[in-house]
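Look at the structure below and keep the sequence at hand. The paragraphs that follow start from a single residue and then widen the view.

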Amino acid sequence: MLHIGTHGFLWLAALSLIQNVEFCSSAEIPDVPSIATYFGTKTRYEEVKPNLLRDPLTVNTSVLRPPPGDFCTPFHVTAIIRHGSRFPTIKNIRRIHRLSELLQNEASRTSESSTGWLDELRNRWEPWYTEDMDGQLVRKGREDLQFLAQRLATLLPSLLSEENVRKRRIHFVTSSKHRCVSSVEAFQEGLQQHWGCHDSAQGYNHEVDDELMRFFERCRGYVEGVENNHTALLEVEKFKHGEEMQAIVMLERNIPFDLFFPFLALLDLVEAAFFICSYELSIKSIHSPWCFLFDESDAKVLEYSFDLKQFWKRSHGHLISSLSSCPSRNPLIDSLLSTEAGPEPASVLVGHAETLIPLISLLGLYKDQTLPTASNYHSQHGRSFRTSRIIPYAANLLFVLYDCQRGPRLQLLINETPLRFPNFQTEDAPLYRDVRAAYRYLLDGCDFNTECERKPEGRGPNTEL
């Protein structure tokens, strides 16, 4: 915890980060910061799908790709969706408050000899975050889900049809977190808007199921072996103390800040400034003056730090992270691989980044040949595991099941873009029975209770920590 006013060098070092920033006039500021594609899980969906900035309802129907000669018709879709854009959680709001207090203290201290950079930042930015915001969905987040619903209804009109909307044949499941409940409600509103079902009586019910959408909280092997295990994120901690992160914090000034206060205290403030840039873009669609602290090189390093955390905490880094979403406790896979279709034409499940990442990993997606570590940043620029691209706000996994002449076929789309299953790199929509056979090990040998109730020993990383 930082105690403002008791560390004389702390505010001096923190504010030196901004000292030589050159601000542009408002007329010169582009709408989107140049670093907007590097915000990790705090990235806007539009950075992944930039065409939506011009038209949020634009749809490319060619993404549905069953074999043209097999006479296929979509007959079921399961959509697993992350909540939309949200306010910061209380932890990050408090970090922003600490940074704001440092800024104001420095402004008061130098009021008589204030420099241009400080005046610019102080005059163009005021803190507006309050603790009661704590992760709630913002208006932009509601629009994320409303527009997504309308695009999917255009893409799959027979499944998300007006009749199915009116007769409530679509199954909705959500996490209990308010941002997810608000997101599923916004998705339902989007369907009603698309088909003109504006009568409030057409409102949907939804099922709250944390065992399904927040399964990671109930997996003891994960909680003890990763979540509460300080060694599980060793690669992350190493990178935070590495030369790439130190270069950002110290701005290559060769100033030994660490002689005066803990290095991580300043890093915490640097990340807070980066988060302000991301939040103000995703919430207000504005180019925050805080963004000018970082160039593209800085943003890539910070993104890699975030990706390391997600990789080693939620993804391929530790086996238990993905095994916590095993079929017997996670119908997200069980419903897809154990039966050919549910009774509904569509299932819509709304959760978190922590819901989607383990599932993506269990399916073997975005698994690079070389795992990301603290020491191989410079060889990882072409990695496929980039959360900025995979898990932005409103990220979505779509499993489209087709009725075809040769038998059912299954296609996977991530963020409305086709992605081939790892064992089917020549087919967009392989035969359903072949997909089931390829993932048979999940059905026969991957059991939630077995994996999650084991002692943490033996549930370690895929590579030595």
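Apart from its neighbours within four places in sequence, Thr-89 is in contact with Asp-134 and Gly-135, where contact means heavy atoms within 4.5 Å. Thr-89 sits in the loop between β1 and α3 (90-109). Helices and strands here are DSSP runs, numbered from the N terminus: a helix is H or I over at least four residues, and a strand is E over at least two. Buried means under 20% relative accessible area, exposed means over 50%, and partly exposed lies in between, with a 1.4 Å probe and protein chains only. The C-alpha atoms of Thr-89 and Asp-132 are 9.2 Å apart, while 43 residues separate the two along the chain.

All of this comes from a predicted model, in which local features need pLDDT of at least 70 and side-chain atom pairs count only at pLDDT 80 or more, while totals for chains, interfaces and linings use all residues. Residues are numbered from 1 along each chain as its sequence is written, and side-chain values use heavy atoms, with hydrogens and water left out. The pLDDT is the predictor's confidence in each residue, from 0 to 100. Its mean over the protein is 82, and 74% of the residues reach 70 or more. Over residues 1-20 the pLDDT stays under 50, and the model has 41 contacts beyond four places in sequence for them. Residues 457-465 also have a pLDDT below 50, with 21 contacts in the model beyond near neighbours in sequence.

Now take the whole chain. The protein has 20 helices and 7 strands. Of its 465 residues, 56% count as buried. Among contacts between residues at least 6 apart in sequence, 81% join residues at least 24 apart.

The strands come next. An open sheet of 7 strands has the order β3-β2-β4-β1-β5-β6-β7, and its pairing is mixed. Two strands pair if DSSP finds at least two bridges between them. The edge strands, each pairing on one side only, are β3 (207-208) and β7 (417-418). Strand β2 (residues 170-174) runs parallel to β3 and is joined to it by 2 bridges.

How many residues of β4 are buried? The count is 6 of its 6 residues. Both faces are covered: Ala-346, Val-348 and Val-350 are buried on one side, and Ser-347, Leu-349 and Gly-351 on the other.

Which helices lie against these strands? Helix α7 (residues 178-195) lies across β1 (73-82), β2 and β4 (346-351), and runs at about 160° to β2. Helix α16 (residues 353-362) packs on the sheet too, touching β1, β4 and β5 (396-403), and its direction makes about 125° with that of β1. Such angles run from 0 to 180 degrees between N-to-C directions, and axes are lines fitted to C-alpha atoms, for helices over the stretch in contact. Helix α16 is mostly covered, with 9 of its 10 residues buried. The buried residues include Leu-356, Ile-357, Leu-359 and Ile-360. After α16 comes Gly-364, whose phi is positive, near 80°.

Helices also pack on one another. Helix α5 (residues 139-155) and α7 pack at an angle of about 45°, and their axes are 7 Å apart. The two are therefore oblique to each other. Angles under 35 degrees count as roughly parallel, over 145 as roughly antiparallel, 65 to 115 as roughly perpendicular, and the rest as oblique. The crossing of α5 and α7 is right-handed. A crossing is right-handed if the near helix is turned clockwise from the far one by less than a right angle, and left-handed if anticlockwise. Among the residues that make the contact are Leu-145 and Leu-152 of α5 and Phe-187 and Leu-191 of α7.
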